[in-house]
Structure formats: C-alpha cells, structure tokens
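Take a moment to look over the structure below. Then read on for a short tour of its ligand site, its sheets and its loops.

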Amino acid sequence: MRTARVDRYGPPESVTIVAAPVPRPRPGEVLVRVAAAGVSAGDARMRAGRFPPGFGPLARLAIGLRGPRVGVLGSTFAGVVEEPGDGVNGPAAGDRVAGMTGVRMGCHAEFVSVPAHAAVRIPASLGDPDAAGVLFGGTTALHFLRDRAGVRPGATVLVNGSSGSVGSAAVQLAATLGATVTAVCSTANRELVVRLGAERWIDYATTPVARVGERFDVV
Ligand SMILES: NC(=O)c1ccc[n+]([C@@H]2O[C@H](COP(=O)([O-])OP(=O)(O)OC[C@H]3O[C@@H](n4cnc5c(N)ncnc54)[C@H](OP(=O)(O)O)[C@@H]3O)[C@@H](O)[C@H]2O)c1
C-alpha cells in the first residue's frame, strides 16, 4: 500500500509517498481500506516539529528526535472494512466506517487496522470526506461543551478560534445546545461563523480576546 510518511520534521514538502506492507488486523481489530483521512492542526504541528514554547526538547524525546517516530501521520479516517480480525462481531467486511486512531496515528495510508470498537458505521447521508473531517474538531468540541462544561439552553458561550476545526464544531454544537454564541475569528470567516449559529462576532485583529471585557458562562 501507499503511505504518506514524514521521516524528518519540516515543511509540507517533507511528506513523501512510500510503499509499506498492508497491516494485518490483530484479534479484535478491523482492517479498513481508507477512502478519506483528515489533515489536522495536530498533524501540521507533528510534521513541522512545532511544539509549544519550552516543550520542544521534552516533546522530541517523547515523539521523536529528528522526525515523528510514528512516521505516518493522520488520526481520523473514513473507509470500508476490508477484513475483520479474529473475534470481531461487528462491523463486518464491506461496512462503511469512520474513527480515530489517537496517538497511534497512521491514517494517511491506504489501509489502517483499528480496534473494532473504534470503527463506527457512517450514516448513509454522510460522505467519506465529511465523516473523516468532522471527527478531530467535533469530538473535542462535544467533549468539552457537553460533557465538561455542561452547556445548557440560555448559557452564554464564547468560542475563541471559532472558524477552525474545533471552533466551527463548537459554534454549531453550542447553538444546538441552546446557548447564545459569541464567535472570535478573522473578518474573512465572519460570514461562516454566523451561518454556523453565532449571534455575535468579534474580530481578533481589533479586539484580542483578553480585552473583550465581558463575562460568559463558558469560554
Ligand atoms: N485538547 C484537545 O483534545 C485538542 C484537540 C484538538 C485541537 N486542540 C487544540 O485546539 C486549538 C485549535 O485547533 P484547530 O484544529 O481548531 O485549529 P485550526 O483549525 O487551525 O483553527 C484555528 C482557529 O484559530 C483562529 N485564530 C487564529 N489566530 C487567532 C487569534 N489571534 N485569536 C483568536 N483566534 C485566532 C483561526 O481564525 P481564522 O482562521 O479566522 O484566522 C481559527 O478559527 C489548537 O491549539 C489545537 O492544538 C486540542
């Protein structure tokens, strides 16, 4: 199979297409033929070796000194089950599934093998690129807004970085949960965040979030 590999931290050109053996599904895993995979802000950071100030040496020890140890990046996929491993009761061969591989990454490849419970069936109405694309930001936003912050109808929510992967999901989810959403992003994305459900918009270029000067139930 073909994989998109990063052996050395660097610009997008440091990604190369390299042949690799198709993985064998271990017991409890399903082998998925990947139709679409997300490229996230996390992938870009890993590819470039761009870590928060002060964390560089520690991060490189953990993730890889000269390049990411995992080699093949990508943590979200959508595709079709090619082969279930031993002991798998579902999903079955031919099912359309999507999921996340977390720190194992490896989704920028033609095949990925994942625990069966981590491969969920894709609704017929959802295409592969949308299924793979929604997971990184969508699961993060859902966890923090619904499970951690417990956003309820009538809450006021400020979403900083509202037009990105996490933020665009957060705006939609908060609005769906009944909150009043104020979105912070660039002018170029104002129309997008308003369309997604924001009632108010703040341009970070003129009003840095620390100077907004009002209180919100959830930020
Ligand atoms: N803890 C977790 O589980 C988890 C998971 C996923 C992501 N994250 C983190 O969440 C952050 C966002 O990730 P993402 O994937 O959504 O990134 P992204 O898609 O690159 O989006 C970045 C967002 O930040 C906005 N932005 C840029 N400069 C800004 C500024 N000075 N003030 C306010 N907003 C600004 C951008 O607006 P414009 O495009 O309009 O300029 C855009 O909306 C990252 O730090 C990422 O590492 C954490």
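The report starts with the basis of the values and then moves from the ligand to the strands and loops.

This is a predicted model, in which local features need pLDDT of at least 70, side-chain atom pairs count only at pLDDT 80 or more, and totals for chains, interfaces and linings use all residues. Residues are numbered from 1 along each chain as its sequence is written, and side-chain values use heavy atoms, with hydrogens and water left out.

**The ligand site**

The shell around the ligand holds 15 residues. A residue is near a molecule if one of its heavy atoms lies within 4 Å of it. Ser 163, Val 166, Ser 186, Asn 189 and Tyr 204 come nearest. The shell divides into five nonpolar, nine polar and one charged residue. Here Ala, Val, Leu, Ile, Met, Phe, Trp, Tyr, Cys and Pro count as nonpolar, Asp, Glu, Lys and Arg as charged, and the others, Gly among them, as polar.

Taken alone, the ligand exposes 940 Å², and the protein buries 54% of that. Such areas come from the Shrake-Rupley method with a 1.4 Å probe.

Which helices each supply at least two residues of the shell? They are helix 1 (41-48), helix 3 (128-148) and helix 4 (165-176). Helices (H or I, at least four residues) and strands (E, at least two) are DSSP runs, numbered from the N terminus.

Two strands pair if DSSP finds at least two bridges between them.

Strand 5 (96-100) joins strand 7 through two bridges. Ala 98 has Val 120 as its bridge partner in strand 7, and Val 97 has Arg 121. Strand 5 also pairs with strand 4, in the antiparallel sense, over five bridges. There, Gly 79 stands opposite Val 97.

Axes are lines fitted to C-alpha atoms, for helices over the stretch in contact, and angles run from 0 to 180 degrees between N-to-C directions.

A second open sheet has three strands in the order 8-9-10, with parallel pairing. Its edge strands are strand 8 (156-160) and strand 10 (200-203). Neighbouring strands of this sheet are turned by 20° against each other on average, direction ignored. Strand 9 (180-185) pairs with strand 10 over four bridges. Cys 185 stands opposite Asp 203 in strand 10.

Most residues other than glycine have a negative phi, and most peptide bonds are trans. Which peptide bond is cis? The bond from Gly 90 to Pro 91 is cis, with omega near 0°. Pro 91 sits in the loop between strand 4 and strand 5.

Met 105 has a positive phi, near 50°. Met 105 belongs to the loop between strand 5 and strand 6.
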